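Good morning, and thank you for coming. Please look at the sequence and the structure before we discuss the strands and the core.

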Amino acid sequence: MTIGKNIFVRWVLTLLFERLETLPKPQEDIKFDGEYWYLNIYNTFKDIKLKFKLGEAFEENTVDGRVVQSTFHLEEDGSLVHEQTGKPADCVIIRQADDTTLSVKFTITGNDNVTTVRKFTRIE
């Protein structure tokens with residue numbers, strides 16, 4: 001890549017990231033009605049609404065277009081663990097909440113485990 005193209009690409013990426021910062025922040029809503037759990041994820045690009053029972057696998061269409069088998073379970077510390085099995089890689093999403101914050105740790109499993117963490121602040 002020439003120096004001019006490299007500078008142009010950096011400029012475009014900078015503008016893109018600045019624009020993304022101004023978009024509405026994603027939201028997650030988790031509810032339990034005594035039988036089913038509901039996980040609603042609202043974001044700028046696509047909303048996801050999941051209805052599930054703990055320990056029962058179901059087919060999920062992800063935000064990025066993958067079709068995976070998903071299973072949820074609760075850990076002893078109260079974390080909600082979401083396991084996705086499918087191509088091109090399996091993923092584990094761990095949600096931990098306290099009084100003010102929801103922490104979502106997303107790990108792509110495999111040879112090169114990649115992890116990202118997103119923090120949400122409770123809104124009333």
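In what order do the six strands of the open sheet lie? The order is β4-β5-β6-β7-β8-β9, and the pairing is antiparallel. Strands here are DSSP runs (E, at least two residues), numbered from the N terminus, and two strands pair if DSSP finds at least two bridges between them. The edge strands, β4 (58-61) and β9 (114-121), each pair on one side only. From one strand to the next, the twist averages 25 degrees; the axes behind such angles are lines fitted to C-alpha atoms, and the angles run from 0 to 180 degrees between N-to-C directions.

A word on the origin of these values. This is a predicted model, in which local features need pLDDT of at least 70 and side-chain atom pairs count only at pLDDT 80 or more, whereas totals for chains, interfaces and linings use all residues. Residues are numbered from 1 along each chain as its sequence is written, and side-chain values use heavy atoms, with hydrogens and water left out.

Let us turn to the hairpins. Strand β1 (residues 27-32) pairs with strand β2 (residues 37-42) in the antiparallel sense over six bridges, and F32 is bridged to W37 in β2. Four residues separate β1 and β2 in this hairpin, and G34 in the turn has a positive phi of about 100 degrees. β2 also pairs with strand β3 (residues 48-52), again antiparallel, over five bridges. Here the bridge partner of L39 is L50 in β3, and the hairpin has five residues between its strands.

Which residues form the largest nonpolar core? There are nine: W37, L39, I41, I48, L50, F52, F58, F72 and L80. Such a core is a set of buried Ala, Val, Leu, Ile, Met, Phe, Trp, Tyr and Cys residues joined through side-chain atoms within 4.5 Å; buried means under 20% relative accessible area, with a 1.4 Å probe and protein chains only. β2 and β3 are the elements that give two or more residues to this core.

The bond from K87 to P88 is cis, with omega near 5 degrees, and P88 lies in the loop between β6 (80-85) and β7 (90-97). In general, most peptide bonds are trans.

Conventions:
Buried < 20%, exposed > 50% of the residue type's maximum accessible area, 1.4 Å probe, protein only.
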